[in-house]
Amino acid sequence: MNSRLNLLQAYPFARLRQAVAGITPPADLSEIPLYIGEPKHPAPPFVLEALSRSLDGLSKYPLTAGLPELRQACADWLARRYDGLAVSPDSEILPVLGSREALFSFVQSLLEPAADEKPVVVSPNPFYQIYEGATLLAGGEIVYANNRAPDFLPDWDSVSEEQWRRCKLVFVCSPDNPSGSVMQHEDWLALFERQARYGFVIAADECYSEIYFDGKKPVGCLQAAAEAGRGFDNLITFTSLSKRSNLPGLRSGFVAGDAKLIAPFLLYRTYHGSAMSLPVQHASIVAWSDEEHVAANRRLYREKFDRVLPVLRRQFEVSLPQASFYIWLRIPGGDDLAFTQNLYRDTGVLVLPGRFFARDTPQGNPGAGYVRIALVDEIERCVEAAERIVAWYGSQKHPA
């Protein structure tokens, strides 16, 4: 087996299962799982209908590049969403099997370890663990730029000059998982300036871009580049229907950006065996072409925040995130792991310790002292979970 597999750390959810193994919550309280970011709102019926109507496509091999109609639907969505952003459906868009698969495989196709030094990939910290795993399995070196309060944006200055010199790829997650922070225009411009000095590729993970509030649409990487008049050179974005359309099981998304990156990535994928089935493509076309269900989805999440945040504020300092469906809850003077274990033991509410999202650095673990709460369950269950958390925390002399 590939010896690099030994470099991989357990996924946060596996670590959580181990952390609460043997803990039995009260028998009279139903468990409320708020640890995983799996959308639970109903899938749009018209998407399911399109999927059902297209099942005869299962008898055909799909092309890795996808249907022209799907690529056009993706390009049309980008133009609507990002103020007329012009992206070629023929050379700058590629359908993928969800952003997770594409993030991983893109790193494999991009990195080429040299005999004398490893290529560097810079990642935010906390981060989506695919960034790290993909880098290690491709023979690269992962370097972390910590995200800390109050803005929870990566500290690019913490990366050394020598590491920037070897840097081949920078991951950006905006809106951020787990904090919900958003890169603004000036943040993108500063990163573009650094890119111009060192020549790395920027991979923008934007799968939470449609869960925003008060009409404050997150700025996209390609949008920021176009508005700066600099083109898409060495830029690629990743998005999917999982969060936007409540379709995590459809495994459908697309990448867009520099045609010079898309073409070799397509070549890699023809060997990788990652073509999207025709029924999924047809369902994706109608999903990307409709915004009403997305707006309704945002309203549901906003209602949850409006109900849950006032409850949590009885005991915690917490505010509405800029985007996403997460609460990145700071535990005052607390131990996030012990908080999680004791909360589950006493209330049946299961959250995720922030330290599991991050790695230790010379500046510490930026996830320690936080827990991530995913507001994905039914609204009354989310409110009940918040009530349990607040009542429990208030009753503890030493809650963690």
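In this predicted model, Phe-46, Val-47, Ala-50 and Leu-51 of helix H2 are in contact with Pro-279, Val-280, His-282, Ala-283, Val-286 and Ala-287 of helix H11. By class, this contact of H2 with H11 comprises 9 nonpolar residues, 1 polar residue and no charged residue.

Two packed helices are described by the angle between their axes and the distance between the axes. Helix H2 covers residues 45–53 and helix H11 covers residues 278–288; their axes come within 8 Å and cross at roughly 150°. Because angles over 145 degrees count as roughly antiparallel, H2 is roughly antiparallel to H11. The crossing in which H2 passes H11 is right-handed.

Helix H10 spans residues 259–272, and H4 packs with H10 at an angle of about 105°, the axes lying 10 Å apart. That angle makes H4 roughly perpendicular to H10, since the range for this description runs from 65 to 115 degrees. On the H4 side, the residues in contact are Glu-101, Ala-102, Ser-105, Phe-106, Gln-108 and Ser-109, and they meet Leu-261, Phe-265, Tyr-268, Arg-269 and His-272 of H10. The contact of H4 with H10 divides by class into 5 nonpolar, 4 polar and 2 charged residues.

Rolling a probe the size of a water molecule over the atoms shows where empty space is left. The largest pocket holds about 520 Å³ of space. Its lining consists of 26 residues, and those closest to the centre of the pocket are Tyr-11, Gly-37, Arg-100, Tyr-128 and Lys-243. Two or more lining residues come from each of helix H1 (12–19), helix H4 (98–110) and helix H9 (241–244). Of the elements, H4 gives the most to this lining, with 3 residues. The lining of the largest pocket is made up of 13 nonpolar, 7 polar and 6 charged residues.

The second largest pocket contains about 430 Å³ of space. Among the 23 residues that line the second largest pocket, Pro-150, Phe-152, Ser-179, Ser-319 and Trp-328 lie nearest its centre. Here the element that gives the most to the lining is strand E9 (residues 326–330), with 5 residues. By class, the lining of the second largest pocket has 13 nonpolar, 6 polar and 4 charged residues.

Notes: Residues are numbered from 1 along each chain as its sequence is written. This is a predicted model: local features need pLDDT of at least 70, side-chain atom pairs count only at pLDDT 80 or more; totals for chains, interfaces and linings use all residues. Side-chain values use heavy atoms; hydrogens and water are left out. Axes are lines fitted to C-alpha atoms, for helices over the stretch in contact, and angles run from 0 to 180 degrees between N-to-C directions. Helices (H or I, at least four residues) and strands (E, at least two) are DSSP runs, numbered from the N terminus. Angles under 35 degrees count as roughly parallel, over 145 as roughly antiparallel, 65 to 115 as roughly perpendicular and the rest as oblique. A crossing is left-handed if the near helix is turned anticlockwise from the far one by less than a right angle, and right-handed if clockwise. Contact means heavy atoms within 4.5 Å. Ala, Val, Leu, Ile, Met, Phe, Trp, Tyr, Cys and Pro count as nonpolar, Asp, Glu, Lys and Arg as charged, and the others, Gly among them, as polar. On a 1 Å grid over the protein atoms alone, a cavity is a set of points where a 1.4 Å probe fits but cannot get out, and a pocket is an open set with protein on both sides within 12 Å along at least five of seven lines; lining residues have an atom within 4 Å of a point. Grid points are joined across faces, edges and corners, and a volume is the space filled by probe spheres set on the points.
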